Amino acid sequence: MSKAPGYGQYCPLSMAAEILCTRWTMLVMRELVFGYTSFNDISRGVPRMSRSLLSNRLKELTNAGIVKKTESPNHNQTKYTLTPAGDALSKVVFSMADWAQEWLRIEPALEDFDSDHLLWNIRHKANPHPALPNPFIVHFFLHDQTSKRQNSWLIFEGDQVDLCIIDRDFDVDMQINVTAKTLAKIYLGRAELAEEMANGEMEVLGDEKYTKLLPELLGRSRLANIPIQPEERRASVREA
């Protein structure tokens, strides 16, 4: 396949855009900035991206000197890490996300998004707590999703948190019944957990000594503390 023509400009911005402004590239960069290094973990962060396209994007970023690909001595494990040039892009990734949180209307996007990605992010931000038994299992039931995506389990074990989407007959310690939309709003700081529980939008079942720890256990996106502009000033990427 021939390479897409460039912009034909000497401007450094145009040169950066040739590398970074292809579809999915910035989301792949987000996963790399978050510290994911294996192909499978990066893929879990972009679940609607085909694995073949992800492979191509990683190859492009490697060829550009933004990503370094390394293989284990027996060639059974491949790691993708940011080079110094790639690491310097972290501030670009965060700045774009900060701008979108402050200035974009995200409500239309909440009508159609990947709940697997939401739970993967929640797992990334989840905080183990010394008061929890080991292991501690939190079952999410997203009652607005298809049967394939309704159930997920966060597994707190020691100082690690894992996410499972297969029912392994877990001995559940806490049950959370909620819509994916409400959970996303809480994670992004667009709604408060206590208020959503009080108004019945989120039901939390379990021993009170553990359910009261829920705000600490789940954590929220780093974007949650960014002030949001008034509705009339915000821009839209999709029609409401």
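Analyst: Phe34 lies in the loop between helix H2 and helix H3 (39-45); helices (H or I, at least four residues) and strands (E, at least two) are DSSP runs, numbered from the N terminus. This is a predicted model, in which local features need pLDDT of at least 70 and side-chain atom pairs count only at pLDDT 80 or more, whereas totals for chains, interfaces and linings use all residues. Residues are numbered from 1 along each chain as its sequence is written, and side-chain values use heavy atoms, with hydrogens and water left out.

User: Why is Phe34 called partly exposed?

Analyst: Buried means under 20% relative accessible area, exposed over 50%, and partly exposed in between (1.4 Å probe, protein chains only). Phe34 has 29% relative accessibility, so it counts as partly exposed. Phe34 touches Phe94 and His124, leaving aside residues up to four places away in sequence; contact means heavy atoms within 4.5 Å.

User: How do you know that the buried residues of H1 line one face of the helix?

Analyst: In helix H1 (residues 12-20), the buried residues are Ser14, Ala17 and Leu20. Down the axis of H1 they fall within an arc of 135°, so they line one face of the helix; the arc is that of the directions from the helix axis to the C-beta atoms. These buried residues pack against helix H2 (25-33).

User: What makes Glu196 a residue with no salt bridge?

Analyst: A salt bridge is a side-chain nitrogen of Lys or Arg within 4 Å of a carboxyl oxygen of Asp or Glu. For Glu196, which is buried, the nearest side chain of opposite charge is Lys185, 5.7 Å away, and there is no salt bridge. Lys and Arg count as positive and Asp and Glu as negative, while His and the chain ends are not counted. Glu196 is found in helix H9 (residues 193-198).
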